[in-house]
Amino acid sequence: MKQAGWMLAGSGLFGRKVRAMQRGGMAMGGRKETPAHRPRTMDATKLEAFVDPLPLPQRLHAAGRRSSEIHRAVNAPYYRVHIREIACSMHRDLPPARMWSYGETSAPVVFETRSAEGVLIDWWNELPEKHFLPLDAPMPHMQDAPETRTVAHMHGARVPSDSDGYPEDWFGPGRNKLCFYPNHQDAAGLWVHDHAMGVSRMNVFAGLMGWHLIRDEVEDKLRLPAGKYELPLLIYDRSFDPRGQLYYPNPPDEGAWAQEFIGDAMIVNGKVQPYHDVEPRRYRLRIANTANSRFFSLAFSNGQSFQVIGSDQGLLSAPVEMKRLVLAPAERTDIVVDFSLARGQAVVLMSDHLQLMQFRVGSDHVVDDNQIPMALRPIERIDVTKAVRTRELTLNEFDSDNGEAMVMLLNRKHWAEPVTEIVKLDSTEIWSLINLTEDTHPIHLHLVRFQILDRRSFSTYDYLSDGNLRYTGESMLPEPHELGWKDVVQCPAGTVTRIIVPFHGYSGRYLWHCHILEHEANDMMRPYQVIA
């Protein structure tokens, strides 16, 4: 088997539709742009870069402790979160924009917890009755659903199904949902975001996202950069209308809904291209790609390398030195950067030609007592013989005959069809994800963490003709930084991506889906059932 090289090749990251949009030849709905349909947005690339300081996440504090018989929670830290509309300027030269938040500003909130210490979070919907973004026509079974419905999903958390943020568990303004997060998992950087049926891509776009950092003793002993030397960063893109308000290309005159969203404003922690003053020493950057659709190809402008120490579900077994890392929507990376190599300089975090944020490195001498150990956390690779079943699951696209957006499905099934993936609690399965599309899809499974086994190219033409897999290349091992525990996997076009999944945790109804939010909304999302 060979080591995969596709992630560093710099092509095929978004698929044909996004590349077409970047070239300007196609409108968001997949048809030719005309002046009448051209989105009315300001040119955010003309905003001056690096004029706003980086906002730090707003840490939320428990309002005492409570117990919940329903959730079997005893004397757990209790948080009350107000989900509300706010107005914040996302750049020095922009007026305050309407947005939604779990906190008080455009900066993400952060819950900081300990492994095995469960927390109760009471989510209160205090949003107005009307959404400020243009919505689609209601689904047939949701004609009476409130526009501003919401439900929070703690992405990457091993939680009971009634606290997972199942899309149909939404609740409207004036209502609340109490959720229990047991935190029975290793230290990791999880993130929370909206997952309400039919509107999640709008609600995330509006600002409903934040951090959930789990700590444990293994991490504590490593002496990694901490405190002000640890920076949690949410990175994403947005567009603004000529008045400086958030713009999502979904009005009725646009026709088919957006199949991806690609904005021209690069945002970190709620500000357009901010800057941050750093000392010439090591910093730990916790980075989550929270964009609707955009992949980020992360590198530093001075070409220096960095140490990858963790991914979605926590620490790697050992650091991996890299100069460039491709992060798909919903993926996280945990890196250590030594800014002493750029003493007195300004270093920009880049994504190819895009500037995300600037680090202004001081020149004073500082003492750096932090280390990067050669060994981080032992990770035992799962023996494939432990799998009780292998499933072949397809990623599909179907063009429409009436000019509407294409339909994107998992295993040729719509969300509303009966559950077909029924798994046994505490069993292990191999899922072979067969990508028949021309896009790379980041696939996320709720509840579980998994390991990537390999990727292998195949003939999509032959598979569509007779249903047989005919491989066209050798099996490729995952990249070294993908060898930890994951909850999102990049599935390249024309490739079978195999993951091995231990279904530990809880029985109940969960889901798996593409984390390009526009694909998810276009039915690339399926429930699965865990039975005891």
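Author: C179 is buried, with a relative accessible area of 2%. Buried means under 20% relative accessible area, exposed over 50%, and partly exposed in between (1.4 Å probe, protein chains only). This is a predicted model, where local features need pLDDT of at least 70 and side-chain atom pairs count only at pLDDT 80 or more, while totals for chains, interfaces and linings use all residues. Residues are numbered from 1 along each chain as its sequence is written, and side-chain values use heavy atoms, leaving out hydrogens and water.

C88 is buried too, at 11%. A disulfide is a pair of cysteine sulfur atoms within 2.5 Å. The count by this rule is zero.

Now the cores. A nonpolar core is a set of buried Ala, Val, Leu, Ile, Met, Phe, Trp, Tyr and Cys residues joined through side-chain atoms within 4.5 Å. The largest has 92 residues, and W123, F240 and L285 touch the most other members. A second, separate core holds 29 residues, including M408, L410, L447 and C491.

Look at L285. Contact means heavy atoms within 4.5 Å. Beyond its neighbours within four places in sequence, L285 is in contact with L231, L233, F300, T333, D334, I335, V337 and F359.

Strands are DSSP runs of E, at least two residues, numbered from the N terminus. Strands pair if DSSP finds at least two bridges between them. β23 (residues 354–361) runs antiparallel to β22 (residues 346–351), joined by six bridges. In β23, M357 is the bridge partner of L349. Both strands belong to an open, mixed sheet of five, ordered β15-β23-β22-β17-β20. β15 (275–278) and β20 (325–327) each have a single partner strand, so one side of each lacks a neighbour in the sheet.

Methods: Helix = DSSP H or I, 4+ residues; strand = E, 2+ residues; numbered from the N terminus.
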